Amino acid sequence: YTRQPRELVWWTTVCGGIEVDPDGFEFRVSRLRNLKDLSKFRELESLLETPEPNESLLTPEVFHINRTFRRMTYGRSLIFTERGYVGLAPEQCQKGDLVAVLAGGKVPYILRPKAASKSPGEEGDLGRCYSVVGDAYIHGIMDGEAVEELGQRGGQMEEIILV
């Protein structure tokens, strides 16, 4: 969807859009932006394709990419949206769930539609009720792109009820 090379989108996504930069005894975590050199990712990929990978052979930089990859994908599923986005979401995510950017939020969330029932005398539209499945990394909407796209299409935010 972002018209970026597939390999770049793949590695950015499975690393959750972050990179870990070891600095002595400290670790800095920052957003993975403008990734151009995929050689370290390819080095990790080669190791992962071997029958019995030996992580001690990794350079420190590739070791940290491997660590990030493993941490970010644990308990997560690779997802594809109807609009062509790719991302990492909670493993409980299922077809029919909604990717939403909540007003004031910093990351997209996976929401699951809930059947709503009104009590006698209750007012309001309960047709847009959702439960929160969890946060997600969706490549291409992590930096405000969804809000920009909404504005370009002349759309507006919708009110929903989280239950």
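## Exercises on pockets, rings and strands

The second largest pocket has a volume of about 430 Å³. A pocket here is an open set of 1 Å grid points where a 1.4 Å probe fits, with protein on both sides within 12 Å along at least five of seven lines. The volume is the space filled by probe spheres set on the points.

The model is predicted: local features need pLDDT of at least 70, side-chain atom pairs need 80 or more, and totals for linings use all residues. Residues are numbered from 1 along the chain, and side-chain values use heavy atoms, without hydrogens and water.

**Exercise 1.** Find which residues are closest to the centre of the second largest pocket, and describe the lining by class.

*Solution.* Step 1: start at the centre. Gln 4, His 139, Gly 140, Asp 143 and Glu 145 are closest to it, out of 21 lining residues (an atom within 4 Å of a point).
Step 1: sort by class. The lining has seven nonpolar, seven polar and seven charged residues. Gly counts as polar; Asp, Glu, Lys and Arg count as charged.
Step 2: look for the elements. Helix 1 and helix 4 each give at least two residues. Helix 4 gives the largest share, four residues. Helices (at least four residues) and strands (at least two) are DSSP runs, numbered from the N terminus.

**Exercise 2.** Locate His 139. Is its place buried or exposed?

*Solution.* Step 1: find the segment. His 139 sits in the loop between strand 8 (137–138) and helix 4.
Step 1: check accessibility. His 139 is buried, because its relative accessibility is 8% (buried is under 20%, exposed over 50%, partly exposed in between, with a 1.4 Å probe).
Step 2: find a partner. The side chains of His 139 and Gln 4 make a polar contact at 2.5 Å (N or O atoms within 3.5 Å, one able to donate a hydrogen and the other to accept it).

**Exercise 3.** Describe the largest pocket by its volume and its lining.

*Solution.* Step 1: take the volume, about 1,100 Å³.
Step 1: take the lining. It has 31 residues, and Arg 83, Leu 98, Val 99, Ala 100 and Val 101 lie nearest the centre.
Step 2: sort by class. There are 19 nonpolar, four polar and eight charged residues.
Step 3: name the elements. Strand 3 (76–80), strand 5, strand 6 and helix 4 (145–152) each supply at least two residues.

**Exercise 4.** How many aromatic pairs are there, and which residues do they link?

*Solution.* Step 1: count. There are three aromatic pairs (ring centres within 6.5 Å; planes under 30 degrees apart are stacked, over 60 edge-to-face, the rest tilted).
Step 1: inspect one. Trp 11 and Phe 41 form a tilted pair, 5.3 Å centre to centre, with 45° between the planes.
Step 2: Trp 11 is in helix 1 (residues 6–14) and Phe 41 in helix 2 (residues 39–48), 30 residues apart.
Step 3: check burial. Trp 11 is buried at 3%, and Phe 41 is buried at 5%.
Step 4: link the rings. Trp 10, Trp 11, Phe 41 and Phe 69 form a cluster.

**Exercise 5.** In what order do the four strands form the open sheet?

*Solution.* Step 1: read the order, 5-6-7-9, with mixed pairing (strands pair with at least two DSSP bridges).
Step 1: find the edges. Strand 5 (98–101) and strand 9 (161–162) each pair on one side only.
Step 2: zoom in. Strand 6 (residues 108–114) and strand 7 (residues 129–135) run antiparallel, joined by six bridges.
Step 3: pick a residue. Leu 111 lies in strand 6 and is buried at 0%. Leu 111 and Ser 131 are 5.6 Å apart, C-alpha to C-alpha, though 20 residues apart in sequence.

Technical notes:
Phe/Tyr/Trp six-rings, centres within 6.5 Å; stacked < 30°, edge-to-face > 60°.
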